[in-house]
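Subject: Handing over a structure

Hi there,

Here is the structure I promised to pass on to you.

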Amino acid sequence: MNDLVLTGERTVPGVPHENYWFRRHEAAYEFLLPYAEGQTVLDVGCGEGYGTARFADVAHRVIGVDYDAGATTHAARQYPTAGFVRANLAALPVRSQAVDVLATLQVIEHVWDHTQFVDECRRVLRPHGWLLVTTPNRLTFSPGAETPDTPTNPFHTHEFTATELQELLARNGFVDVDVRGLHAGPTLRDLDGKHGGSFTDAQLATPPDQWSNALAQDVAGVIRADFVVRAADAESALDLVVVARRPGV
């Protein structure tokens, strides 16, 4: 059993009622894995560490960074193939132009100063290095929010559309910004119909201990392959998946 407290700010593996969210995040890591092959990778906002460990399966070296001391202590104990460091994400403990790939998955929506954060990510990347970003799509995650700065999730400071995120990265020095979308596959679309039109809304409507047996079983049965990443229809995606490059010197 995972020993990290579930606060709603991070997703962890091994918890049946969290399985949908874990598999959703896992699918993005799997899609981005080829960019890490043989590279030096910094995973910024690594949380529980499962994604950092997955990068470690293919990368030359991986370091996970998180502000939460409990998370980095747990990750170092749980995933010995990667290194983990506690640090403020606004001041990464890495020298300039030190890494080939910087991954920051489901993180940018949590930070306060997005321009400063993107600048810091660019600083530590080598010329031609890759920036990998995922974040909830505001148009589907918080469709009822009054503004981008009043999202549904209380841990989010700001949520982006595909256009906004692309413009942020381009404005702050990244090129070849490729925005894709992570979407529900056929099985999950069937579950939308089974659970009143939205499988995710059904999970959020009541605490897990009040779920029906059918809902609990369907959540526990979600697998990574139930999600697909594609270039088309990013604005209707569940999550945005972005790859961008730091220019050469």
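Which residues of S8 are buried on one side, and which on the other? Asp239, Val241, Val243 and Arg245 are buried on one side, and Leu240, Val242 and Ala244 on the other. Buried here means under 20% relative accessible area, exposed over 50%, and partly exposed in between (1.4 Å probe, protein chains only). Seven of the seven residues of strand S8 (residues 239-245) are buried, so the strand is largely enclosed by the rest of the structure.

Before I go on, please keep in mind that this is a predicted model: local features need pLDDT of at least 70, side-chain atom pairs count only at pLDDT 80 or more, and totals for chains, interfaces and linings use all residues. Residues are numbered from 1 along each chain as its sequence is written, and side-chain values use heavy atoms, leaving out hydrogens and water. Helices (H or I, at least four residues) and strands (E, at least two) are DSSP runs, numbered from the N terminus.

**The sheet**

Eight strands make an open sheet with mixed pairing, in the order S3-S2-S1-S4-S5-S8-S6-S7; two strands pair if DSSP finds at least two bridges between them. Strand S3 (83-86) and strand S7 (227-230) are the edge strands, each pairing on one side only.

S8 runs antiparallel to strand S5 (residues 125-136), and seven bridges join the two. Among the bridge partners, tryptophan 130 goes with arginine 245 of S8, and threonine 135 with leucine 240 of S8. Strand S6 (residues 175-184) is also antiparallel to S8, with six bridges between them; there, glycine 181 stands opposite leucine 240.

**Two helices**

Helix H1 (residues 19-36) has 13 of its 18 residues buried, so it is largely enclosed by the rest of the structure. H1 bends by about 30 degrees at glutamate 30, and proline 34 follows within four residues. That bend is the angle between axes fitted to the seven residues ending there and the seven starting there. Just after H1, glycine 38 has a positive phi of about 75 degrees.

In helix H9 (residues 213-220), Leu215, Asp218 and Val219 are buried. Seen down the axis of H9, its buried residues fall within an arc of 100 degrees (taken from the directions from the helix axis to the C-beta atoms), so they line one face of the helix. Asn213 and Gln217, on the other side of H9, are exposed. The buried residues of H9 pack against H1, helix H7 (186-194) and helix H8 (199-205), where contact means heavy atoms within 4.5 Å.

Best wishes
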